[in-house]
Every structure is written in structure tokens, then in C-alpha cells.
Amino acid sequence: MRAVWIAAALLAGAAAVAPAAPAQVRPDTSHARHRTPADSARARPAPAAPRTDTSHAGHRAMPAAKADTAHAAHADMPGMPGMAMPDTNPRGRAGMHDAMSGPMHAGMRHDMLMAPLGGGWRLLGMAQAFSMVTWAAPGDRDNPLHDTEGYITQPALMGNVEGPGSRIVLRATLNLEALTQPDGEITFGGWGEGYIDRRHPHTVLHEAMVSLNTWSLLGGAVSLSAGKGFAPYGTDDPMSRPVAKYPTNHHLSQLLERWTLNGAYLRGPWSVEAAVLGGQEPDGPWDLGNLSSFGNSFSARVIRRFGGTGTTAPWEIGASAASVAESHQGTRERTALYNAMIRHSYPHSFGGIYAMAEASASDPSEGEGYWSFLGETQVRIGRHRPYYRVEYATRPEYAREGAAGTPGFYRYSHDDDPIGATRWLINSLGYEFDLSGGHVATRPYMEVQHNHATPERGGIDPEDLFGRRSFWTVSAGFRLFFGGGPMRMGSYGVLDDMTLMHHPLDGEMTIPAGANPR
């Protein structure tokens, strides 16, 4: 059973960590949170002496001497219209948040690594790894899909090296799925990069981007980012969203692991991004060769935010488009991609709500394209995090390399053209629990997926492939976050979630701390 002993070991380790007492916030941490009313979208704490009766156990006031040191890196940070420096902003670090974690119950928080490097430079970072056991078609031993697998999935190390004032930011993310799940992960409905009904392992060098940021230009903030990573298109990477299993639309709703040159402009509630990129997908987790295709594709995205600016606005409405060129069997093919989305994330007195809905479509220069409608939500009530996702989509079908019940059933040649399409309705229902916080945050989870597939075109009937048109999967494990909760992924520069945690936009950013409830 693939990696099942590794998964079991991580499960045991997570269980051992879980009972540990929540970590206390160090009084000298440069990003200690301060209490902000969660029921007012425009609450701003007045300057006052540090409180010692905060309702978040362990949140101590920062001594003045330490505060000066902690914010020294921002002393020369230029201001932009609508931006206040952390030193002079009466909210202090109230605008900071643990990205997708939100305001926790007393004593529960995630501490992101932040280490000074000297000369105003600093290192920010976090890591994550999810243990997972998946039961495919459980209780149906006659079904060729019946299987049980264990993995360490989505293991990643993410870090920013930021210069004074965050004018220069180096982002690197290593993804270790090539080591922990080299044969992919059972994900019915999934496709891409030579895998079908299994999610492919991502490239080891997942992100390597350098951003040049100007925080006061043309009435807003401007950045130029270059390297390997996400092009501005679609929605946040599924790694930072509630459901552990990736959606079918991953290759319709994100452009990732491309060599790209991105520009971003943020002014008040509006942001505009554009990119020139290489359209060729990697051929495997160790592949860096798609650099040769740089310049043959482009993308653009515009987002209007409501109730704030930057990555913590409670409401976002966005639209994006891309033109992507790829070569298959020596022939270049161009595909137009379109995405529209609406996203909500906001804390409430009981916890918080996250919700997102999107529509995606492809329009290739030859043949027919594919489409997807997706909606997902998570409600956080204290330590409890139930979540749900529904997706209705079409996906390509390829000539498989083996029969059902063999490893080749889940593989196809990456250079092959589709031979048809199927239509999928996938419902995912899950629950996770905040077991521990601090430097190692532990969240056990369980999720159930019901898949219903029907013919779309090409004469391919899912019943011939799977033995039936409807089937279940069940997955369970632990999410482990080291040095911070999940970060929004998909933008860089002045729209990078990690950078904005320590370079807060003020003015139009009027939401309370931790506005993102994940």
C-alpha cells in the first residue's frame, strides 16, 4: 500500500502533538495580534495603554522598546495613498491575520516564522503536510475502483525573503509530492499532466519568484514579478482552500508552475494583473524544461473588492482570461481560458464564514472545450470547521495505458489528444477540528465524496470505465501546519498574502483582524 506506513507515522505524530498546550504568544513577537471587535466592519481601536485583560489568552502587550525593534524593518517603507505604516497606524498590527486561519478561540493561534536577517531584510516562512488515507469505492469489493491508499499529500515549504519596506521579495515554495506520492493521489474526476482520476504530483520547484514592489505609484501600489509560479488567472490554488481533494477544474481555473512575468496594480478596491508566460505544462515533478515556451501565452485578471483592499477584503468579484499555447506531438495548439468568481470571507461572533463560487471554461482553437461550475463553503464555529463543495463539470477523456484495476488505468500520454469527454457531478462534504495551535497547528479531518459521471461526447460511457456511474470515496487524516496556517496562493508582489501580512494596507482596508476564517 503506497506510503501507508509513512501516513500512519504522521498520523501518530499528529496525535502526539495534539494534546500539547497552546503556545503562548511571545511578548516580543513582531506580529502579535491585538483584539479587534469582530462585529464591526469599520472598527478601529483608539490609541490607548496596552490592555492586559485581552480575551485571547496569552496575547500580551508589546513593550515599547521591543515594538520599535520589531518594526524597524518598516521604518523606511514608503507610504501610498490609503496606506498607513504599522508604526504610526493606531491599529498597530490589528490588520494582520494568519491568512486562512482567522481569529482563533482563546489561546489558539498559528505563529508564522519571521526571522530578521539584518539590514532591514527578514525571512518569513511556513510549512505544511497532510496525512491522508483514501478508501475508493468502500464496501464494494467487486468494483474495479475498490482500493485503499495512504499518502503524505501537499507537503510544502514556503518562504519569503523580503528587503526593507518589502520593495524586493523573493518567494520560494518546494513541493515534495514527488517523494511522498510519486504515483499521484486518487481523485476521481481529476485530470492533467498524464494522470486521470488521480491528481498528479506537483513540481518540486513549485514557486521561485522575485517581486519588485513600489507602494506609492500612480495613486496605488505596483509590482513586477518574474520566475516560476502562478500566472494571474482564475482563483486561489486549491492547496489553500478547505477541501483536501482537488476539484476537477484545477486545470481550468489555475495557471500554475509556468515561467511567467507578472505585473500587478492595486488601487483602493481594484486590482489589475497581467502576465506574459510560457504555456507548456511540465512533463513531471522534476521538469523545469517548460522555460523554453516562455512568451507564447498571456493572461489577465481584474478584481473588485468590497469592504476593504488587498487579500483580506470580505468580498471579491473577479474575472480573468488567458490564451495558452502548448505543443502536442509537435503541433502547437492554442486554448482560450475564461474564469469568473465571487468570494466571501469574514469573521463573525460565532467564528467565521468562507464561501466561493466560480465558473470556468476553455475554448481550444480546434475541437470542443470544457466547462466547470463550482461552489464551496466552510463555517468555523470555535474549533469546528465543517465544509462543503459541489462541482458540475466536463472533463476530457484520454486513451488509458491500462485496464481498470491496474496502475495504467490512471495514466495517459501527456502528448495525446482527448478522445472524448464525460460530465461529472461531485459533492464533497467534510469536517476538520482545531486540535492544537501555536507553532504546530494540528487539524484532523474527514471528508466524503460522491461522484456521478455521465457520457458527454466521444461515445465514452463512465459505466464502461468504472463499472457504474456513481461511486463514493472517503478520506481522513491530519493537516499539520508548521509556523502558520494556509496562505492564499496565486498572486505576487503587492497582492502576495504573506507580504501583506507584514505590510498592511490601511485606508480602505477596514476589516477586523483575521478576516479570512480558514
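The legends below describe several close-up views of a predicted model.

Because this is a predicted model, local features are reported only at pLDDT of at least 70 and side-chain atom pairs count only at pLDDT 80 or more, while totals for chains, interfaces and linings use all residues. Residues are numbered from 1 along each chain as its sequence is written, and side-chain values use heavy atoms, with hydrogens and water left out.

**View 1. Confidence along the chain.** The mean pLDDT (the predictor's confidence in each residue, from 0 to 100) of the chain is 81, and 76% of the residues reach 70 or more. Residues 1-100 have a pLDDT below 50, although this stretch has 205 contacts (heavy atoms within 4.5 Å) in the model beyond near neighbours in sequence. Residues 102-109 also have a pLDDT below 50, with 37 contacts beyond near neighbours in sequence. Where pLDDT is low, the predicted coordinates should not be read in detail.

**View 2. The largest nonpolar core.** A nonpolar core is a set of buried Ala, Val, Leu, Ile, Met, Phe, Trp, Tyr and Cys residues joined through side-chain atoms within 4.5 Å, where buried means under 20% relative accessible area, exposed over 50% and partly exposed in between, with a 1.4 Å probe and protein chains only. The largest such core has 20 residues, of which Leu145, Phe188, Phe409, Trp424, Phe466 and Phe471 touch the most other members. At least two residues of this core come from each of strand 2 (121-136), strand 5 (185-192), strand 17 (420-433), strand 18 (440-457) and helix 5 (462-466); helices (H or I, at least four residues) and strands (E, at least two) are DSSP runs, numbered from the N terminus. Apart from this core lies another, of 18 residues, including Met158, Met239, Tyr246 and Phe481. With neighbours within four places in sequence left aside, phenylalanine 471 is in contact with Leu145, Phe188, Trp424, Gln449, His450, Asn451 and Phe466.

**View 3. Aromatic pairs.** The structure holds 12 aromatic pairs, defined as rings of Phe, Tyr and Trp (its six-membered ring) whose centres lie within 6.5 Å, with planes under 30 degrees apart counted as stacked, over 60 as edge-to-face and the rest as tilted. Tryptophan 191 and tyrosine 370 form a tilted pair, at 6.4 Å centre to centre and with 50 degrees between the planes. Because tryptophan 191 lies in strand 5 and tyrosine 370 in the loop between strand 14 (351-364) and strand 15 (371-381), this pair ties together parts that are 179 residues apart in sequence. The pair formed by tryptophan 424 and phenylalanine 466 is edge-to-face, with 5.8 Å between centres and 70 degrees between the planes, and both of these residues are buried. Ring pairs also link Phe188, Phe409, Tyr410, Trp424, Phe466 and Phe471 into a cluster.

View 4. Arginine 199 and glutamate 177 meet through their side chains at 2.7 Å, N to O. As arginine 199 belongs to strand 6 (residues 195-199) and glutamate 177 to helix 3 (residues 177-180), the pair ties together parts that are 22 residues apart in sequence, and both arginine 199 and glutamate 177 are buried. Glutamate 397 and arginine 395, both buried, form a salt bridge of 2.9 Å, N to O. Arginine 443 forms a salt bridge with aspartate 434, with the closest N and O atoms 3.2 Å apart; arginine 443 has a relative accessible area of 0%, and aspartate 434 likewise has a value of 0%.

**View 5. Surroundings of glutamate 162.** Glutamate 162 lies in strand 3 (residues 147-162) and counts as buried, at 0% relative accessibility. Its side chain makes polar contacts with the side chains of serine 166, at 2.9 Å, and threonine 499, at 3.0 Å. A polar contact is a pair of N or O atoms within 3.5 Å; within protein, one must be able to donate a hydrogen and the other to accept it, and residues adjacent in sequence count only if both atoms are side-chain atoms.

**View 6. Tyrosine 431 and histidine 384.** Tyrosine 431, found in strand 17, counts as partly exposed, at 36% relative accessibility. A polar contact of 2.6 Å joins the side chains of tyrosine 431 and histidine 384, residues that are 47 places apart along the chain and whose C-alpha atoms are separated by 7.5 Å.

Notes
Salt bridge = Lys/Arg side-chain N within 4 Å of Asp/Glu carboxyl O.
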